[in-house]
Amino acid sequence: MTGEDAGDADPQNDADPRGGNDPRNGADTQSDTDERPPTADGGVDARLAGLDAARLDPAAMASQSSGLDGLSTLLDRPSLARVYVYVCYWEPTTVPETVDALDLSESTAYEYVDRLVDHGLVTRADAGRPRTLRADPVAVVDPVGPVVVTPTVLHAVALAATDEGLARFHDRHGLGTLVATLRGAGLHYAGETTRRSVAADVGVRPTEAMLVIEALAPVLAVGRERDPYFEALFPDVATAMELPDLTDRATVPATDGPVDDGA
């Protein structure tokens, strides 16, 4: 496993990406002992509302992907993204639960949580042992290109911490192409395109696209269930995707293997 990259630089949080109240049904996003970060000014939601299928075309996303690279250091640190996504999806949780779920050492888990807390991405209760962790779902829209970052995107980035094939794809083609391929994967699982067409759209070899699209199936499945901004990335096909059944399945960030969809 390559999830414990203790040499990572600290993540930056220059612009507050948090979208305010968590719209997940039934989620308790506030406790008496939690100190929540301030909400954003609503600009993110306005930009999310402006997205449509044309702006989210994989070819258009790949051609304007350079703007994504400056959004956040968190996007360049798969191991940190992995911990953030776990807390975001399975809050309230604790460091010991994170250690067990992600197979991290205790020292690494505390280090990563401390970094995320320092930069306002995770909150830690003041009382109780072990202390409860929570995280607001983030939504960041690139004002230049048709790029949106949500917990589903961060989960795809996090997968590079444990999936060598995806790590190579990320290193070779960059973050923007990975996000464009994630969008293409959603279209594929909705029956809107083929994996070869996705490869052509984003400018990678068909064999690369096929492997990555299969690896991203669980990311899409858990994102559709737990990411409140999932439809911002897939406004046209969110409910149409044929994805793995998560019932009775221990699905945590970056631990599920590829799914063979038979295509």
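The protein chain exposes about 11300 Å², of which carbon and sulfur atoms supply 45%; accessible areas come from the Shrake-Rupley method with a 1.4 Å probe, and for residues only the protein chains shown count as cover. The model is predicted, so that local features need pLDDT of at least 70 and side-chain atom pairs count only at pLDDT 80 or more, while totals for chains, interfaces and linings use all residues. Residues are numbered from 1 along each chain as its sequence is written, and side-chain values use heavy atoms, with hydrogens and water left out.

Twelve helices and four strands form the secondary structure of the chain (DSSP runs numbered from the N terminus: helices, H or I, of at least four residues; strands, E, of at least two). Of the 263 residues, 53% are buried (under 20% relative accessible area; exposed is over 50%, and partly exposed lies in between, with a 1.4 Å probe and protein chains only).

Within α5, T108, A109, Y112, V113, R115 and L116 are buried. These residues lie on the same side of α5 because they cover an arc of only 155° around the axis, taken from the directions from the helix axis to the C-beta atoms. E106, S107 and D118 are exposed on the other side. The buried residues of α5 pack against α3, α4, β1 and β2. G120, which follows α5, has a positive phi, near 75°.

T94, in the loop between α3 and α4, is buried, with a relative accessible area of 12%. Beyond its neighbours within four places in sequence, T94 is in contact (heavy atoms within 4.5 Å) with P130, R131, T132 and L133.
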